[in-house]
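Look at the model below.

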Amino acid sequence: MSTYAEMDKAALEQEYAKVKEQYEGYKALNLKLNMARGKPSSMQLDVSGDILTVLSKNEDCYDAEGTDVRNYGGLDGIPECKKLFADLLGVKPSEIFIGGSSSLTIMYDVIAKAYTNGLKDSEKPWAKLDKVKFLCPAPGYDRHFRITESFGAELITIPMLDDGPDMDMIEDLVKDPTVKGIWCVPKYSNPDGITYSDKVVDRFANLKPAAKDFIIMWDNAYCVHEFKGEFVPFRNILEECAKAGRPDMVFEFCSTSKITFPGAGVSAMAASEANIEYMKKLLAVQMISEDKVNQLRHVRFFKDRDGLLAHMKKHAAILGPKFDVVLDYLDAEIKPLEIATWKKPTGGYFISLDTNDFCAKRTLELAKEAGVTMTNAGATYPYGKDPRDRNIRIAPSYPPMDELKKAVEVFGVCLKLAALEKYLEK
Ligand code: PLP
């Protein structure tokens, strides 16, 4: 079959009529399918079901030091939970702060504290500065961008390359003292599924920003989320920054949102001991302690890092085949037409697809009309503006397999129709 670019007008019109008919056929089915948010499916939630009963009696509720987890106290988390996350991230328990159920909340808090109080090395709170710029590798995670946007920071787009963000550009931009930080998802990035290369991690650790209080927001949300193959070890960014002489430049985050229950899991922040002490002083004003019952339930459920990694295999067995469905469809139906390109991740929660220029919005509009909801076009860029209107984030995890298969078919037809409309200038 010819690619669309190779077809003459008559062939394109013929193809358009065929695809349009398929599209109308799907529309008539009144489908209601969703590939928008990266949520675990109910089958995945069920694999953590035992967490609901692992603490079942009053006597179960004491941590390793004999503290009753049902009561106030222990701002930074119970010791065994700090150890579990420390082992997971390869850092020391003293470098860990256990948060509530959402890592985004702690990320928000770090940025909020930077604005209201300043970070440990800030000359003044960011709110008192005329300008704050924040670097946003894109395509990236919309909620990251929105946190810094909500405080009034100017967002600067950094292109994502195959092995991480464009480091030449970052090294250049950090010479500007108003550039205060950067968002990163170093493993199975949202949405590209890219893992930063060792070289990129080294360059991050060796950044020499002009701002003394520049922060790397290292969101390791998908640190153990392989759905293909064995667990892939990752670098300890805290250690690398310390070796490079700037131990306080990085805050790392993760959570069990996509390990146990999103919204009812446990989150963690890792940072230098000095940063943890500084943040604890500020956080102590807003809370007495987080949910230690949930922390203990998680530790009892996993037992240790190996237990957690074994648990991730159960997710992989459910998630892997769903990614295959999407990728196999794209390879068979879309690739020969050369109307889109995509990455083939082996972990994380998303497939990132680029349409021909200026076709993403239209593709998603068509999908919506046919009953398939997907993440809004542009969402993966700062301010929701994708300059070439081409990136689409596909989230295959949530729908059951039969719905996913249907949703992908509908999406494929919408991709074709939007591309044909563009070629035919309809
Ligand atoms: N960070 C990234 C990169 C994500 O993709 C997500 C959810 O999709 C989150 C954080 C949300 O994490 P949490 O549920 O811990 O707030």
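## A helix and its neighbours

Helix α9 (residues 273–283) has these buried residues: Asn 275, Ile 276, Met 279, Lys 280, Leu 282 and Leu 283. They sit on the same side of α9 because they cover an arc of only 160 degrees around the axis. Buried means under 20% relative accessible area (1.4 Å probe, protein chains only). The arc is that of the directions from the helix axis to the C-beta atoms. Helices (H or I, at least four residues) and strands (E, at least two) are DSSP runs, numbered from the N terminus.

This is a predicted model: local features need pLDDT of at least 70, side-chain atom pairs count only at pLDDT 80 or more, and totals for chains, interfaces and linings use all residues. Residues are numbered from 1 along each chain as its sequence is written, and side-chain values use heavy atoms, without hydrogens and water.

What do the buried residues of α9 pack against? They pack against β2 (96–98), α4 (103–116), β8 (250–255) and β9 (267–270). Strand β9 is covered on both faces. Ser 267 and Met 269 are buried on one side, Ala 268 and Ala 270 on the other. In a regular strand, side chains alternate between the two faces of the sheet.

Terms used
Buried < 20%, exposed > 50% of the residue type's maximum accessible area, 1.4 Å probe, protein only. Contact = heavy atoms within 4.5 Å.
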